[in-house]
Amino acid sequence: MNLEEYRTIFVVTSLTLTLVAAAPTLSIVVPFPRSGERFSELWVLGPNRMAENYPFNVRVDEEYQVFVGVGNHMGSSAYYLVYVKFRNQTQPFPDAQNSTPSPLPAICEFRGFVADGVTWETPIVFSILEVSRLEDSCLVRRMMINDVVFLVDSSSTWDSENNGFYYQLFFELWLYDVTSQSFQFHNRFVGIWLNVTSS
Amino acid sequence: MNRVMFLPACRSFLIFSLLFALALCVFPLEAYATNAEEAALAIERAEAIVFSCYQVVLEAESAGGDVSGLLARLNDAGVLLAQARVSYGIEDFDGAARSADLCYETGVEVRLEARGLRRLAMEEANQRFRWMMIGSIVGVTIILCASFVSWLTFKRYYYRRILGMKPEVVSSES
């Protein structure tokens, strides 16, 4: 090797070491793009906090418990709003493709501030309080969720294929957006089917 | 004589009864409306403070502060706010106003703490940045000086080695 080649090696080594020494400061000054996908989780668990034994055949005045949870992977703390909604088989469900929530009014809501990488869970105890039934239709008038009574007034027709009056208790996840200073539908929803035939 | 005294008394009683009935009809409705309005205002105020708290907490977090404690307290405020909204929905305006007021009080405390934490976190971040920058400058200077000195030493050694070499005499057999 001649002297020119040695000089090149010296210059490259010096520059590399200089970059290593300046890296901590550069990492603050230069904004590097964050790696990884940002998302939130929403789940519903059965009474034993497992994905099993979900309430299905429900009776009037009997209490049932589920757990609704939210996981934050958004890269910073997030403010979540969970709307609890109730629908029959024909009423609209949220549209995942267009990111639109169900237009049905919420029965009640839960709010939670969740740090990044942390989960938040809340128990939901519900019971159906008043049901009117005619020949092939069923009307759920009132429901109780966590000891508060709500007017529901949702009617369902007899499902001859599955032999029952089916309803869905579902949960929509909304996220507070600091820029617009309002909650935005976060395109996450989950629900459980309920058969009120035996009530 | 008795009849003469009885008639005005009866009229007064009638007028009083009518006024009382009217008051019963009007005042409860008015009180109801005021309560609903007050509850809505209280909820709006509570929501505003919770949003404001959240923004301050986010700023403190991005400055590097540990906001886990504040988030736990904000959760309490969030529960109260949800309760207030649920109570309002079922027309329990007193309950709604009570929960909203409690939420507001919690929010005020959390915001105060969050501002303190944000200030502290920003000061710490500034100090950290300052030390990091000093460290980097010192490090880069040492590396550059050391490289330069090494290069000079190496160059001297290289020339000495080159100059120290003796040319070999090769015999030609032509």
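**View 1. The contact between chain A and chain B.** The contact draws 26 residues from chain A and 30 residues from chain B. Here two residues are in contact if their C-beta atoms, placed from the backbone, lie within 7 Å. On the side of chain A that touches chain B, the elements giving two or more residues are α1 (3-29), β4 (108-114) and β7 of chain A. The largest share, 11 residues, comes from α1(A). By type, this side of chain A divides into 17 nonpolar, seven polar and two charged residues. Ala, Val, Leu, Ile, Met, Phe, Trp, Tyr, Cys and Pro count as nonpolar, Asp, Glu, Lys and Arg as charged, and the others, Gly among them, as polar. The model is predicted: local features need pLDDT of at least 70, side-chain atom pairs count only at pLDDT 80 or more, and totals for chains, interfaces and linings use all residues. Residues are numbered from 1 along each chain as its sequence is written, and chains are lettered from A and ligands numbered from 1 in the order in which they are written.

**View 2. The two domains of chain A.** Chain A is divided into domain 1 (1-32) and domain 2 (39-195). These bounds come from an automatic or database domain assignment. The C-alpha centres of the two domains lie 57 Å apart.

**View 3. The open sheet of chain A.** Five strands of chain A form an open sheet in the order β1-β2-β5-β6-β7, with antiparallel pairing. Helices (H or I, at least four residues) and strands (E, at least two) are DSSP runs, numbered from the N terminus. Strands pair if DSSP finds at least two bridges between them. The edge strands are β1 (39-45) and β7 (148-157), each pairing on one side only. From one strand to the next, the twist averages 30 degrees. The axes are lines fitted to C-alpha atoms, for helices over the stretch in contact, and angles run from 0 to 180 degrees between N-to-C directions. Within the sheet, β2 (residues 64-73) and β5 (residues 119-133) of chain A pair antiparallel over eight bridges. Val70(A) stands opposite Trp120(A) in β5(A).

**View 4. Two hairpins in chain A.** Eight bridges join β6 (residues 137-145) of chain A to β7(A), and the two run antiparallel. Met143(A) faces Phe150(A) in β7(A) as its opposite residue. This hairpin has two residues between its strands, and Asn146(A) in the turn has a positive phi of about 50 degrees. Tyr176(A) stands opposite Phe183(A) in β9(A). Four residues lie between β8(A) and β9(A), and Gln181(A) in the turn has a positive phi of about 55 degrees.

View 5. Phe171(A) is found in strand β8 of chain A. Phe171(A) is buried, with 24 other C-beta atoms within 10 Å (20 or more count as buried, 12 or fewer as exposed, and numbers in between as partly exposed; C-beta atoms are placed from the backbone). Beyond neighbours within four places in sequence, the contacts of Phe171(A) include Leu42(A), Val82(A) and Phe189(A). Val68(A) is 103 residues away along the chain, yet its C-alpha atom is separated from that of Phe171(A) by 8.2 Å.

**View 6. The largest nonpolar core.** This core has 69 residues, and those with the most contacts inside it are Val82(A), Ala46(B), Val57(B) and Ala100(B). The largest share, 11 residues, comes from helix α1 (residues 2-62) of chain B. A nonpolar core is a set of buried Ala, Val, Leu, Ile, Met, Phe, Trp, Tyr and Cys residues joined through C-beta atoms within 7 Å.
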